[in-house]
Amino acid sequence: MHETPYRREPGYAERYRDRRFHAGTGVATDRAERQALRELLALARSTTPDGCWLDAPAGAGRMTAELPGAVVQVDRDAAMLVAAGPERPRACASVHALPFADFTFAGVLCHRLLQHIPTPAERIDILRELGRVARGPIVVSFFDAHSLQHVRRTVRRWFGKKKSGRSAVPRRAFLAECAAAGLEVVAVRALRRFLAEQTLVLLRRNPS
Ligand SMILES: C[S@@+](CC[C@H](N)C(=O)[O-])C[C@H]1O[C@@H](n2cnc3c(N)ncnc32)[C@H](O)[C@@H]1O
């Protein structure tokens with residue numbers, strides 16, 4: 001499977017850790033994302049097995065502490081893992097080929113990656129890989145195309161603004177991708193439905 005490159009300039013990891021969600025609209029986005037994740041984790045609590053979670057991609061570790069118990073961090077960018085700090089076990093690897101056996105983790109978080117993945121086939125490949133290593137809940141985020149934020153991004157592009165490299169998908173299409181990856185949708189939390197793109201989804205492996 002072709003993997004979409006995700007390259008960032010030197011210093012990006014530290015900026016992402018120290019600035020991206022500490023100023024401007026980033027502060028409110030961070031708060032809303034944590035709230036949405038907490039709500040989904042609370043919904044999943046009664047069906048979550050004991051054990052270690054996976055945060056992939058962890059980036060600079062922003063959401064790791066929201067996960068219950070021990071967490072392994074994975075990111076393809078070594079600079080991001082360094083920025084996350086040495087406190088947790090970690091692996092520099094791609095979400096397309098996680099270096100873990102089937103059912104290793106009690107739960108899996110994949111936050112703020114799929115909007116960088118342009119094709120359904122690649123997203124389904126990633127979703128299937130997340131499902132392979134999970135015994136319990138899987139939480140992923142995607143950008144919903146049915147939102148004012150996406151319309152604004154599209155219009156700006158028409159007027160010559162550089163492509164952002166982000167891909168949004170209608171909610172129904174994204175949920176169909178989850179099903180194609182063998183995952184069942186348990187709950188969906190949009191940050192602000194029809195306004196903001198960012199949407200979190202709680203999934204579990206399809207029992208059938
Ligand atoms: C926007 S950051 C999100 C980090 C964190 N989950 C958060 O919410 O703050 C996206 C991360 O995905 C990582 N990434 C991109 N493609 C990846 C891949 N195929 N496998 C693993 N990590 C990847 C990048 O290095 C980057 O750290």
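**Entry 1: strand E4**

I began with strand E4 (residues 107–110), which is covered on both faces: Gly107 and Leu109 on one side, and Val108 and Cys110 on the other, are all buried. For "buried" I used the rule that 20 or more other C-beta atoms lie within 10 Å of the residue's own, while 12 or fewer makes a residue exposed and anything in between partly exposed, with C-beta atoms placed from the backbone. Strands here are DSSP runs (E, at least two residues) and helices are DSSP runs as well (H or I, at least four residues), numbered from the N terminus. I reminded myself that side chains in a regular strand alternate between the two faces of the sheet.

I noted that this is a predicted model, in which local features need pLDDT of at least 70 and side-chain atom pairs count only at pLDDT 80 or more, while totals for chains, interfaces and linings use all residues. Residues are numbered from 1 along each chain as its sequence is written.

**Entry 2: the partners of E4**

Which strands pair with E4? I found that strand E1 (residues 53–55) is joined to E4 by 3 bridges and runs parallel to it, with Leu54 opposite Val108. Strand E5 (residues 138–143) also pairs with E4 in the parallel sense, over 3 bridges, and there Cys110 stands opposite Val140. Between E4 and E5 the chain passes through helix H4 (residues 120–133), and this β-α-β crossover is right-handed, a term for a path that runs clockwise from the first strand over the helix to the second when the strands point away from the viewer. By pairing I mean that DSSP finds at least two bridges between two strands.

**Entry 3: the core**

I then looked up the largest nonpolar core, which has 51 residues, and those with the most contacts inside it are Val108, Cys110, Leu130 and Val140. Such a core is a set of buried Ala, Val, Leu, Ile, Met, Phe, Trp, Tyr and Cys residues joined through C-beta atoms within 7 Å. Leaving aside neighbours within four places in sequence, Val140 is in contact with Cys110, Leu114, Leu127, Leu130, Val201 and Leu203, where contact means that the C-beta atoms of two residues, placed from the backbone, lie within 7 Å.

**Entry 4: the whole sheet**

I followed the sheet from one side to the other: 7 strands form an open sheet in the order E3-E2-E1-E4-E5-E7-E6, with mixed pairing. Strand E3 (90–92) and E6 are the edge strands, each pairing on one side only. Towards E3, strand E2 (residues 71–75) runs parallel to E3 and is joined to it by 3 bridges, and Val74 stands opposite Ala91. Strand E6 (residues 183–190) and E7 pair in the antiparallel sense over 7 bridges, and Ala190 stands opposite Thr199.

How well is strand E7 (residues 198–205) covered? I found that E7 is mostly covered, with 6 of its 8 residues buried. Helix H5 (residues 148–158), by contrast, is hardly covered, and 1 of its 11 residues is buried.

**Entry 5: the protein as a whole**

I listed 6 helices and 7 strands. The radius of gyration is 16 Å, close to the 17 Å from the globule rule for 208 residues, so the protein is as compact as a globular protein of that length; this radius is taken over C-alpha atoms, and the rule is 2.2 Å times the number of residues to the power 0.38. Of the 208 residues, 36% count as buried.

Ala56 and Pro57 are joined by a cis peptide bond, with omega about 0°, and Pro57 is found in the loop between E1 and E2. Phe103, in the loop between E3 and E4, has a positive phi of about 60° although it is not a glycine. Is Phe194 buried or exposed? Phe194 is exposed, because 12 other C-beta atoms lie within 10 Å; this residue is in the loop between E6 and E7, and its phi is positive too, near 70°.
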